[in-house]
Amino acid sequence: MTFVVVTGEMLPTAVLPLMAADLGVSPARVGLLVSGWAFVVVVASFPLVRLTRVLDRRRLLAAAIAVFGVASLVTALAGSYAVAAGSRLVAAGVCGLLWATVNAHLAALVPERLLARAVAVVLGGGTLGTVLAVPAANAAGALWGWRTTFAALAALSLFAAAAALSMLAPATARADAVARSGQAGRRSVRPVVVLVTLGGTLLVGHFAAYTFVTELLADSGGTLAVSAALLLFGVLSGVGVLVVGRVGDRFPGAALAGSAGLVAAALLGLTALGTHPLGDVAVVALWGLATGALPPLIQTAVMRAAGVEHRAVAATLIPVVFNLGIAVGAAAGSAVVAWFGVGSLPVPAGVVALLAAAGLAAAGIAGRRSPGRRARGAAQSLPVVSATSSCPA
């Protein structure tokens, strides 16, 4: 499901010139189908989650991904830009609901000691969507037209809906009941808000630079080809997700602070692009590896801090704040490029990421200094989670 959603989010970027020519609009207007996506996710996620909070999560996920598929089919058949844009707005709204529901349901399927591994597996689908599906869609669009790619996305969405109904574990009614009754404890929502905010701030720094990654690589004068650098970045992002699955549950605080610090170091290291070929490879590799590891680590930390009581709120905050960070980062990067040029991006982007990394490290230290509260929360929440984890996934 995450593979389908991320592929759908990024698909217009893969076939942008073809869509623009066929719909009779400028590439900039087609680009709005991507930038407007994050705005709709931010605005629509909380209302949709609130409206659907009493529904069984398994059926909700199946219905949401089916609507996502229908909206993608409408895009494929659109005869005008207005129809294509409208269908994309529907898909974006459903996207926020999907991410929130996936986050909450995932946290209830596994014991807390395996949460980082489970998150890495699920977010691995999103990584595959970026690394594999987008280049494949670009090639397919060139061969058979951009509409074929959206039709294929619709088919994949309907397949995912059927798989959700037949393969996902049943709804976690007991955990939801405990959360609503307040029996699981009285955790504060403050750590959740702090962690999500710091994660969104890191994305501001990352996407300020990544939005212009091709220009940064092309203008650096380095010997590493842009296409090779992007491939290296994508492959190492996937490796970062795999690393989280191995070490994220054993060293959660250190892994999160370390990956955040590596993102900041890589962004600042972009200032040295073009100095030496091996240096260029090292910077891009470090950036990709750390960026791949970061989302599952942040999401795991947020869901652990939320406990059962605030799981629904945390699950919704993650896509909202993260998409807001993406939008703000892209806009801030555009402003810096407009005023000072693309070469000036790495320093402000790196400083923002460095401040967020310092905040995450401080939050981890603060968490280790309050073992009593964490132990009480774990003792209260683990029985509920383990009751649901016995269901076959």
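Gly86 counts as partly exposed in this predicted model, because its relative accessibility is 28%, a value between the limits of 20% for buried and 50% for exposed. The residue is found in helix α5, part of a protein chain with 16 helices and zero strands. Buried residues make up 49% of the 393 residues in that chain.

- Gly86 lies 15 residues along the chain from Ala71, and the C-alpha atoms of the two are separated by 8.8 Å.
- Ala82 also has its place in helix α5.
- Ala82 counts as exposed because its relative accessibility is 59%, and the limit for that class is over 50%.
- Between Ala82 and Leu23 there are 59 residues of separation in sequence, while their C-alpha atoms are 9.4 Å apart in space.

**The nonpolar core**

- The largest nonpolar core contains 108 residues, and Phe68 and Leu202 have the most contacts inside it.
- Helix α5, which spans residues 81-109, supplies the largest share of this core, with 16 residues.
- Leaving aside residues up to four places away in sequence, Phe68 touches Val4, Val5, Gly8, Trp37, Ala91, Val94, Leu98, Leu153 and Ser157.
- Across the protein chain, 86% of the contacts with a separation of 6 or more are between residues 24 or more positions apart.

**Packing of helices α12 and α13**

- The axes of helix α12 (residues 252-269) and helix α13 (residues 277-306) come within 8 Å of each other and cross at roughly 145°.
- The crossing in which α12 passes α13 is left-handed.
- By class, the contact of α12 with α13 comprises 17 nonpolar, three polar and one charged residues.
- On the α12 side, the residues that meet α13 include Pro252, Ala255, Leu256, Ser259 and Leu262.
- On the α13 side, the residues that meet α12 include Val283, Leu286, Trp287, Thr291 and Arg304.

**Aromatic pairs**

- A pair of aromatic rings is described by the distance of the centres and the angle of the planes.
- The structure holds six aromatic pairs.
- One of them joins Trp146 and Phe150 in an edge-to-face arrangement, with 5.7 Å centre to centre and 85° between the planes.
- Trp146 and Phe150 are four residues apart in helix α7 (residues 146-167), so about one helical turn separates them.
- Trp146 counts as buried because its relative accessible area is 3%, and the limit for that class is under 20%.
- Phe150 likewise counts as buried, at 1% relative accessibility.
- The rings of Phe233 and Trp287 also form a pair, with centres 5.3 Å apart; their planes stand at 80°, so this pair is edge-to-face.
- This second pair links distant parts of the chain, since Phe233 lies in helix α11 (residues 226-247) and Trp287 in helix α13, 54 residues apart.
- Both Phe233 and Trp287 are buried.
- Phe233 and Trp287 belong to one aromatic cluster together with Phe207 and Tyr210.
- Trp287 is also among the α13 residues that meet helix α12.

Terms used:
Residues numbered from 1 in each chain as written. Predicted model: local features only at pLDDT ≥ 70, side-chain atom pairs only at ≥ 80, totals over all residues. Heavy atoms only, no water. Core = buried A, V, L, I, M, F, W, Y, C linked by side-chain atoms within 4.5 Å. Buried < 20%, exposed > 50% of the residue type's maximum accessible area, 1.4 Å probe, protein only. Helix = DSSP H or I, 4+ residues; strand = E, 2+ residues; numbered from the N terminus. Contact = heavy atoms within 4.5 Å. Axes fitted to C-alpha atoms, helices over the stretch in contact; angles between N-to-C directions. Left-handed = near helix turned anticlockwise from the far one by under 90°. Nonpolar A, V, L, I, M, F, W, Y, C, P; charged D, E, K, R; others polar. Phe/Tyr/Trp six-rings, centres within 6.5 Å; stacked < 30°, edge-to-face > 60°.
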